[in-house]
Amino acid sequence: MTEGRLRGAIGLAMKAGRCESGDFAVERALRRGRILLVVLDEGVSEATRERYAQLCAARRLPLLFVKDAGEAIGKPSRRILGVTDENFKNMILGAYEASNGIKPGV
């Protein structure tokens, strides 16, 4: 149930237009300061994990790893998502914490 809540929150952010998806779009928005939360699919490469970990650490942003993140937004080929709204960020972080029982790292 809580996994569904997490996927629903991510999908809702995308439907509301408060989510960037894809490597290029997310990285560009990150560098412009528009991203508040980064969500990576668990299947991304180690190089991508490290790159986004460094980008998020430098900006003190939370980074989440979610199974099948692209499917949550209706785009299965997308593996990198960036949330641009504070309320959706809080909703997704709350659902992530509930589903995993841990707070995400910043």
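Contact is taken here to mean heavy atoms within 4.5 Å. The structure is a predicted model, in which local features need pLDDT of at least 70 and side-chain atom pairs count only at pLDDT 80 or more, whereas totals for chains, interfaces and linings use all residues. Residues are numbered from 1 along each chain as its sequence is written, and side-chain values use heavy atoms, with hydrogens and water left out. Helices (H or I, at least four residues) and strands (E, at least two) are DSSP runs, numbered from the N terminus. A residue is termed buried under 20% relative accessible area, exposed over 50%, and partly exposed in between (1.4 Å probe, protein chains only).

The strands were examined for pairing, which requires that DSSP find at least two bridges between two strands. Strand β2 (residues 37-41) runs parallel to strand β3 (residues 63-66), and four bridges join them. Within this pair, leucine 40 stands opposite phenylalanine 65 of β3. Strand β4 (80-83) is paired with β2 in the antiparallel sense, over four bridges. Leucine 81 of β4 is the bridge partner of valine 39. Strand β1 (residues 19-21) also pairs with β4 in the antiparallel sense, over three bridges, and here serine 21 stands opposite leucine 81. The side chains of β4 are divided between two directions: Ile80 and Gly82 point one way, Leu81 and Val83 point the other way, and all are buried.

Helix α3 (residues 46-59) forms a right-handed β-α-β unit together with β2 and β3. A crossover is right-handed if, with the strands pointing away from the viewer, the path from the first strand over the helix to the second runs clockwise. The expected span of a helix is 1.5 Å times one less than its number of residues. For the 14 residues of α3 this gives 20 Å, in agreement with the 20 Å between its end C-alpha atoms. The buried residues of α3 include Thr48, Tyr52, Leu55 and Cys56. Seen down the axis of α3, its buried residues fall within an arc of 95°, so they line one face of the helix; the arc is that of the directions from the helix axis to the C-beta atoms. An α-helix has 3.6 residues a turn, so residues three or four places apart point the same way. The elements covering the buried residues of α3 include α2 (23-31), β2, β3 and β4. On the face of α3 turned away from its buried side are the exposed residues Glu46, Ala47, Gln54 and Ala58.

Helix α5 (86-100) has 15 residues and reaches 21 Å from its first C-alpha to its last, close to the expected 21 Å. Its buried residues include Phe88, Lys89, Ile92, Leu93, Ala95 and Tyr96. Viewed down the axis of α5, the buried residues fall within an arc of 165°, so they line one face of this helix.

The interior was described in terms of nonpolar cores, each a set of buried Ala, Val, Leu, Ile, Met, Phe, Trp, Tyr and Cys residues joined through side-chain atoms within 4.5 Å. The largest such core has 20 residues, and those with the most contacts inside it are Ile10, Val39, Leu64, Val66 and Ile92. At least two residues of this core are supplied by each of α1 (2-15), β2, β3, α4 (69-72), β4 and α5. Another core, of 13 residues, lies apart from it and has Val38, Val44, Leu61 and Leu63 among its members. In soluble globular proteins, nonpolar side chains tend to be buried together.

Several loop residues were also characterized. Serine 45 is found in the loop between β2 and α3 and counts as partly exposed, at 39% relative accessibility. Serine 45 and asparagine 87 are 42 residues apart in sequence, and their C-alpha atoms are 29 Å apart in space. Arginine 60 follows α3 and is found in the loop between α3 and β3. Its phi is near 55°, a positive value in a residue other than glycine, and arginine 60 counts as exposed at 64% relative accessibility. Aspartate 68, in the loop between β3 and α4, likewise has a positive phi near 55°; with a relative accessible area of 31%, aspartate 68 is partly exposed. Glycine 33 is placed in the loop between α2 and β2 and is exposed, with a relative accessible area of 57%. The C-alpha atoms of glycine 33 and arginine 59 are separated by 8.6 Å, although these residues are 26 residues apart along the chain.
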